[in-house]
Amino acid sequence: MARTIGILTAGGDSPGLNAAIRAVGKAAQRAYGMDVLGFKDGFLGLMQNRYDLLESHDLSGILTRGGTVLGTSRIKVDRVDMGDGRKVDGRKAMREVVEQHQLEAVVCLGGDGTVRNALLLADVGIPVLALPKTIDNDVAGTDVTFGFDTALTIATDAVDRLHSTAHSHHRIMVVEVMGHSVGWLALGAGVAGGADVILIPEIPYDVEAVASSISARKAAGSSFSIVTVAEGAISREDASIRDSMTTQMELVDEPERKAIKKKLRELESARAGGTVQLASTLAGLTGLESRITILGHVQRGGTPTPADRLLATRLGIACADYIAEGIHGVLVAAKGQTTEPVPLKKVAGRTKKVPEDHPWIQTARHLGIALGE
C-alpha cells in the first residue's frame, strides 16, 4: 500500500499557496512514492471527508497561479459553526478521516490561525505539519512567510504610482495597506516606496505630530506628502484606552472579563474607518487637500513573485522530507536559506510584531520618515 498524506489550505488566500501545494505534492510523489489527498475548503473539507487525489497533472501549471486550487475557509477546529446555532468540536470527525485514509500526515498551509488549529489537531493525535503563509508576515518562528513579498510588491507599486498625482495636485495621499495587528507590510512598502509618513500598529501615533511633520515638509518647499498606514494603526489615545482595559482584564473575574472584552470589541468597531478620519484630520491641521487609497484585497491576488515561488517551493519540499523522516507537530520555518522544524507549541498563539529596534525602523528614522511619534 502506498504511503499517503493529506494537504489543505486554510484562512485567507495568499500568493504562493499553489506553489507550496505543487512542491509538497511533487516531492512526496517523486521522492517518496506517496499518494497525496487534497482536502477541499480547508479544515472543513477534512472534517467532511471532501478531497481529490492529486495526480501529477493536477500539480502541473499551478506554480504561477494566485489563490488556492484547493479552496479555503475560516473555522476553529474545536468550535465548528454548524449553521444552526450549534458549535461542535470537529476534531473527532477529522481524526476519523485521517485514520480512514491512513494518512501519515496532514499538511496545513496557513497563517497564525491555521497554526493554532494545527496544534489543536496535534493535541488529539493527528500528525500535522504547518507551512507559514500570510501577506502580513506575522507568523512567529519563521523569518518570513510566503505571500508577503508579493503583497509588498503590490503595495510598493501603489505607493510609487501615487507620487506623481500627489505632486501634481499638492495633496496628502493616504495609502492604507493590510496589517490588522502588525506593520510589516506598511513599513516595508513605505520605506521602499519613499513614503514621508509610515504608521504601524506597533508604534501608536500622535495625529498632531504627523500633521507637524507634514507641515514642516510644506514649509521646506515640499507641496505633497505620502502617508502609508497599516489598517491596524492606532492613535496614542486609543492605544492607552486599549492597554488599560487589557491590563484590567487580567485582574478581574470571568464575568467582569467578559464585560471588558465587549468594551474592547466596541472600541475596535469605533475605530473602523479610522484611515478616513485620519485623512480628514490631517487635511484640517495642515491646510492640504487629502485623498485616500485603500488597497484591500488586491494585495492578496495575482501572480506570486519569484521570491514567493522560491520560498513556497523550498518550504514545501522540506515539508515532504520531514514527513518521510517521521517528523510532525511542527511548523516548517524559513531560517535564512535553510528550513527548520519548529514545534507548534512554541509558535501557536504568538504574533511576530515589528520590533522597535528592527533595521527597517532604524532605516525609516535615518531617512527622516515620520512614524507618528
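Isoleucine 5 has 0% relative accessibility, so it counts as buried. Hi everyone, and thanks for coming. Before going on, please keep in mind that this is a predicted model.

Isoleucine 5 sits in strand S1, which covers residues 4-9. What does isoleucine 5 touch, if we leave out residues up to four places away in sequence? The partners are Val24, Ala28, Met34, Asp35, Val36, Leu37, Leu103, Glu104, Ala105 and Ile323. There is also valine 107: 102 residues separate it from isoleucine 5 in sequence, yet the C-alpha atoms of the two are 7.7 Å apart.

Now over to serine 215, in helix H7, residues 207-219. Is serine 215 buried or partly exposed? With a relative accessibility of 29%, it counts as partly exposed, because that value falls between the 20% and 50% cut-offs. Setting aside neighbours within four places in sequence, serine 215 is in contact with Leu285 and Thr286. Proline 359 lies 144 residues from serine 215 in sequence and 27 Å from it in space, C-alpha to C-alpha.

Last stop, the largest pocket, which holds about 660 Å³ of space. It is lined by 27 residues, and those closest to its centre are Arg74, Asp112, Gly113, Thr114 and Arg116. Which helix gives the largest share of that lining? That would be helix H4, residues 112-123, with six residues.

Notes: Residues are numbered from 1 along each chain as its sequence is written. This is a predicted model: local features need pLDDT of at least 70, side-chain atom pairs count only at pLDDT 80 or more; totals for chains, interfaces and linings use all residues. Side-chain values use heavy atoms; hydrogens and water are left out. Helices (H or I, at least four residues) and strands (E, at least two) are DSSP runs, numbered from the N terminus. Buried means under 20% relative accessible area, exposed over 50%, partly exposed in between (1.4 Å probe, protein chains only). Contact means heavy atoms within 4.5 Å. On a 1 Å grid over the protein atoms alone, a cavity is a set of points where a 1.4 Å probe fits but cannot get out, and a pocket is an open set with protein on both sides within 12 Å along at least five of seven lines; lining residues have an atom within 4 Å of a point. Grid points are joined across faces, edges and corners, and a volume is the space filled by probe spheres set on the points.
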